[in-house]
Amino acid sequence: MKLTLKVWRQDNVNDPGRFETYEATDVKDEMSFLEMLDAVNENLIESGHEPIVFDSDCREGICGTCGLMINGQAHGPQKGTTTCQLHMRKFHDGETVTIEPFRAAAFPVIKDLMVDRSAFDAIVQSGGFITADTGGARDANEILIPKPAADASMDAAGCIGCGACVAACPNGAGQLFTSAKLAHLGLLPQGQAERWKRTEDMVETMEMFFGSCTNYGECQEACPKEIPIDFIAMMNRDYLKSKLKNRKLSGQKY
Amino acid sequence: MSTITLDSKVPSGPIQDRWDNHKFDMKLVNPANKRKFTVLVVGTGLAGAAAAATLAELGYQVKCFTFHDSPRRAHSIAAQGGINGAKNYKNDGDSIYRLFYDTVKGGDFRARESNVYRLSQVSVNIIDQCVAQGVPFAREYGGLLDNRSFGGAQVSRTFYARGQTGQQLLLGAYQALMQQVALGRVELHTKTELLEVVKKDGVAVGIVTRNVTTGEVQSWSGHATLLATGGYGNAFYLSTNAMNSNVTAAWRAHKQGALFANACYTQIHPTCIPASDDTQSKLTLMSESLRNDGRIWVPKKFDDNRPADEIPEEDRDYYLERKYPSYGNLAPRDIASRAAKVVVDEGRGVGPLKNGVYLDFGESIDRLGKETVFERYGNLFDMYERITDEDPMKVPMRIYPASHYTMGGLWVDYNLMTTVPGLYALGEANFSDHGANRLGASALMQGLADGYFVAPYTVGDYLAGLLGQGTVSTEDPVFKAAEQTVNDASHRWLSIGGTKSPEYYHRELGKLVWDYCGMARDQNGLEKALSEIPALREEFEKNVRVLGNPEGVNQSLEKVGRIADFFDLGELMCRDALMREESCGGHFRVEHQTEDGEALRDDEDFSFVGAWEWNGAGTAQTLHKEPLVFENVKPTQRSYK
């Protein structure tokens, strides 16, 4: 199949950027979206044009490195699928496809389709961990965790940090990412000691970078791991509890 | 003539006591002195992130480097199946000794016994540590940890978090690392790629990096340097590794005098999705855990074009169950991969390109019900369906072996130090624990063992001897010369102005390495590769096209340097495979097989680690041998029948 691509090109963060049009020929159903772009890039290089810069690494949908706005949708049209796992059988011959970077105030464009998502690391750094220095752990089976709790924690822990939630959000909010990390750790017994401090620190760091959540729900639609916004509700509840009753200092009861 | 002697520094005494005694014998650094030492950690996968976090917790000044935009992107994240731990929670007869035994045997008696025993010992601490960090391992209803069995083992000792165990373990290590960053004990440099290892007076004193966003070339000085930079499976071009996984850090260390060991020990994983066409950029692994409930078969007849569901039971050949009745579909990776190659080469392959075998869940669905099967493997089935447009609940999966893990790597002693003093290699980047074949669920174990529980002790022992010494200034001529090397190389690539993309040459190189040094190797093929690779390399250096400039983002420039190192490495893989006139584990020399096609080892002549010394570009490396001694597990022919 043959496609027309409208691709965002931007030399650096200060460049205003522009769309450029390329033809993708010989596109096969079995190709992934990024393999289609690889082929376009090889042609560009061989004809003396600088290739399109985009991020990708594992190409198995787990590292969270890739992420493009495809026809205005974060990671494209297939639900629960990262850009690298999207295959060209979802497109048809002659189609025009618009490709842009994830756009958000917190994710400045580095070049072309590559953005800087280090704000996510800043949120994790502010409290997204359980303090457990190496060597001091007790036997793993001494901590009993009911299966439903472990499963719910795992549902949240599946976040790959790609940023689709932010790109899809009209407010550019980081709530789904932040709440997924809070729920992963806050649903486990090991995470209780730091639960309230973690919630306050992470939420407040998030607010330094990202917009506010107004419950559009676009984030859970775009999330390639289908993480639900229920976790945002849990985060809001914990934040309120912590602030109102100052649990951070006065104890750990629910 | 070289002056290198390989001293493995393995402690003496009963194997059970060696690590404990060694820990006691190693020198300690007083807490107030720890902060006077700077340790550079390169790579933030399981081994790197765990080592950086743990060294920082101990009080050392750590500088940590990754070329990714965040430490969490390292390819450890893609490991699916699980991590071994000799906990015996299932009461099925597991023990540290049994894990040790299984690993030595699984490695086809080409690993160092003492290292493997230590690995098995700390495997139990790893599980404890990860649970304490909040890794959400699978649980039973009573709240206890769940386990499953994995290829090459007859006990259930594998801990898992759905099909995303690597992700969860890496996030645990990443979070521990980020906490240390917040505390100011780790200086984290993302988007920063190692391009040179710097030595002064024979000792590693630091590294030179290039910032892949700005193009800035910079020197970093430290008392010790730890490389945790992963494996070299992308030498085959198509592999299950990530697009950016490369050998460059290890290779640049090799060029500075670190010996590279057992390059021909590469693991071809039996359960990957077969390639669909020639534009494919990588192959995708389907977790080995699928073999617990999936049955592998091909049609008995050649060129049987019927769809799977129309092939009756009597026309199916469950070849693993037939050849290896006691292990069946759980035969170790090297054996399962070769068996698949045999049936596909015979012309009994399945799928549009006849390049796969079936992995069939029909029987399990009948026995366990759709829900149970989907609960166990649902995320893998979804991934498979996205790639192939086929639903494994209805149509059997098609799988074929692909390059997955590399057992070879930088030679290290018992302390994980390379032959360059002060330079360490951890995780997949070293050669140490898996011998000629790695068992399933052991890579995560080794990465975390090295990072959390081995290097933090052994690096301290080295640093204790440096008390009172500062680091070498980054203005020193050794650093300036290394920076010059990096800059010169960038300008050289950019000035070639050829006609083909770097990717093109990587693909061509990969084909050569796969055809001649893949699942089966023979003398003719290897000799052919050793003449064709340098010829292709010559063309590559004359005709590759890298556009743009060295400042700012330039992905072609990043890639071209990595591919140049893969050329060197590809040659070494072939040379190592040619030298090793035997078959063992992942290394199968067609000339050396038993009557029924199994690997035939030669313990008399080849019970050694082959470690190669760099002698400059265009000159063959020199082989050094570290003899392997088996005092506890007597080498026998591995039998999984």
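The buried residues of α15(B) are covered by elements that include α14 (502-517) and α16 (555-579) of chain B; here contact means that the C-beta atoms of two residues, placed from the backbone, lie within 7 Å. Helices (H or I, at least four residues) and strands (E, at least two) are DSSP runs, numbered from the N terminus. The buried residues in question are Leu526(B), Ala529(B), Ile533(B) and Phe540(B). A residue is called buried if 20 or more other C-beta atoms lie within 10 Å of its own, exposed if 12 or fewer, and partly exposed in between, with C-beta atoms placed from the backbone. Helix α15 of chain B runs over residues 523-543, and its 21 residues reach 30 Å from the first C-alpha to the last, close to the 30 Å expected at 1.5 Å a residue. That expected span is 1.5 Å times one less than the number of residues.

A word on the model before going further. This is a predicted model, in which local features need pLDDT of at least 70 and side-chain atom pairs count only at pLDDT 80 or more, while totals for chains, interfaces and linings use all residues. Residues are numbered from 1 along each chain as its sequence is written, and chains are lettered from A and ligands numbered from 1 in the order in which they are written. Chain B averages a pLDDT of 95, and 99% of its residues score at least 70; pLDDT is the predictor's confidence in each residue, from 0 to 100. For the complex, the predictor gives an ipTM of 0.97 and a pTM of 0.97.

**Chain B as a whole**

Chain B holds 17 helices and 20 strands. Its C-alpha trace spans about 75 × 60 × 50 Å along the principal axes. The radius of gyration of chain B is 24 Å, which agrees with the value near 26 Å that a compact globule of 641 residues would have. The radius is taken over C-alpha atoms, and the globule rule is 2.2 Å times the number of residues to the power 0.38. Of the 641 residues of chain B, 60% count as buried. Among contacts in chain B with a separation of 6 or more, 75% come from residues 24 or more positions apart.

**Domains in both chains**

The domain bounds come from an automatic or database domain assignment. The table sets out the two chains.

| Chain | Domain 1 | Domain 2 | C-alpha centres apart |
|---|---|---|---|
| A | 3-111 | 118-250 | 30 Å |
| B | 269-402 | 477-605 | 31 Å |

In chain A, 17 residues of domain 1 are in contact with 16 residues of domain 2. The domain 1 side of that contact divides into 9 nonpolar, 7 polar and 1 charged. For these classes, Ala, Val, Leu, Ile, Met, Phe, Trp, Tyr, Cys and Pro count as nonpolar, Asp, Glu, Lys and Arg as charged, and the others, Gly among them, as polar.

In chain B, domain 1 is in contact with domain 2 through 6 residues from domain 1 and 6 residues from domain 2. Helix α9 (residues 333-348) of chain B supplies the largest share of the domain 1 side, 5 residues. By class, that side has 2 nonpolar, 1 polar and 3 charged residues. Helix α9(B) also has buried residues, including Arg333(B), Ile335(B), Arg338(B), Lys341(B) and Val344(B). Their cover includes β12 (266-272), β13 (295-299), α8 (319-323), β15 (357-360) and β16 of chain B.

**Where the chains meet**

Between the chains, 65 residues of chain A are in contact with 65 residues of chain B. On the chain A side, α1 (33-46), β6 (109-111), α2 (118-125), α3 (147-157) and α5 (175-186) each supply at least two residues. Helix α1(A) gives the most, with 6 residues. The chain A side has 26 nonpolar, 21 polar and 18 charged residues.

Glu57(B) lies in helix α3 (residues 46-58) of chain B and is buried, with 22 other C-beta atoms within 10 Å. Leaving aside neighbours within four places in sequence, Glu57(B) is in contact with Asp133(A), Thr134(A) and Gln180(B).

**Two loop residues with positive phi**

Glu226(A) is not a glycine, yet has a positive phi of about 55 degrees. Glu226(A) lies in the loop between α7 (218-222) and α8 (230-245) of chain A, and is partly exposed, with 13 other C-beta atoms within 10 Å. Asp389(B), also a residue other than glycine, has a positive phi near 70 degrees. Asp389(B) is found in the loop between α11 (370-388) and β16 (397-406) of chain B and is exposed, with 11 other C-beta atoms within 10 Å.
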